[in-house]
Amino acid sequence: MSPAYAYQDEATLLQHFNAVDGNGNGAIDGRELQRALATSGLTFSLQTIALLIRLHSAPGNKSGTLSFTEYKKVHEFLVNAQNSFTHFDKSGTKKLNKREALECLAYAGYGDVDQKAIEHACRAFDPDRSNDLGIDQFIGLFLFLAAARKVFESFDADKSGKITLDLNQFIYASAKTR
Ligand SMILES: [Ca+2]
């Protein structure tokens with residue numbers, strides 16, 4: 001894994017953006033981003049990349065690609081996620097064990113989500129059942145939780161903290177978290 005990702009100034013980020021934009025069309029698509037992150041030590045499926053792009057796209061942008069402004073948001077997200085990961089990896093194993101992951105997620109704004117729910121989510125992102133999460137798995141989990149909250153809130157118009165879904169809505173909502 002690369003050392004903790006650092007914040008960059010605007011000019012440096014623009015250079016990165018242009019370098020990542022392999023076909024030079026002024027936007028970064030999923031494959032371009034996947035390739036760039038892989039070289040910095042973050043391996044994601046194209047599906048996770050698509051979620052990363054979707055969560056940082058402006059509301060009207062359905063293109064599945066990132067403008068420079070959106071790319072900066074992705075960069076900031078990844079810096080925050082990696083720095084949080086490093087900070088909570090108290091044992092220095094480059095993995096978060098269950099307790100470290102819970103602490104990290106509470107710090108990142110998921111303290112209101114019940115521990116059991118988080119444990120189930122952690123397990124879903126730990127397919128090899130190693131009981132700890134590498135940085136890629138952790139970011140995948142983090143994106144899932146962010147998407148879940150966003151979809152939930154879109155259904156919870158009265159902010160009651162409870163929603164009722166029929167099967168069609170449930171399928172729609174689940175699809176939006178992937
Ligand atoms: Ca491009």
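1. Helix α7, which covers residues 135–155, has 21 residues and spans 30 Å from its first C-alpha to its last, close to the 30 Å expected at 1.5 Å a residue, where the expected span is 1.5 Å times one less than the number of residues. Helices (H or I, at least four residues) and strands (E, at least two) are DSSP runs numbered from the N terminus.

2. This is a predicted model, in which local features need pLDDT of at least 70 and side-chain atom pairs count only at pLDDT 80 or more, while totals for chains, interfaces and linings use all residues. Residues are numbered from 1 along each chain as its sequence is written.

3. The buried residues of α7 are I135, Q137, F138, I139, G140, L141, F142, L143 and L145; a residue counts as buried if 20 or more other C-beta atoms, placed from the backbone, lie within 10 Å of its own. These buried residues pack against α3 (46–55), α4 (68–88), β1 (96–97), α5 (98–110), α6 (115–124) and β2 (132–133), with contact taken as C-beta atoms, placed from the backbone, within 7 Å.

4. Q82 lies in helix α4 and is buried, because 22 other C-beta atoms are within 10 Å. Q82 and I135 are 53 residues apart in sequence, yet 7.2 Å apart in space, C-alpha to C-alpha.

5. The axes of α2 (residues 30–39) and α3 come within 9 Å and cross at roughly 105°, with axes being lines fitted to C-alpha atoms, for helices over the stretch in contact, and angles running from 0 to 180 degrees between N-to-C directions. The two helices α2 and α3 are therefore roughly perpendicular, a term for angles of 65 to 115 degrees.

6. In that pairing, G30, L33 and Q34 of α2 meet L46, I49, A50 and I53 of α3.

How values were computed. Buried ≥ 20, exposed ≤ 12 C-beta atoms within 10 Å, placed from the backbone. Contact = placed C-beta atoms within 7 Å. Parallel < 35°, antiparallel > 145°, perpendicular 65-115°, else oblique.
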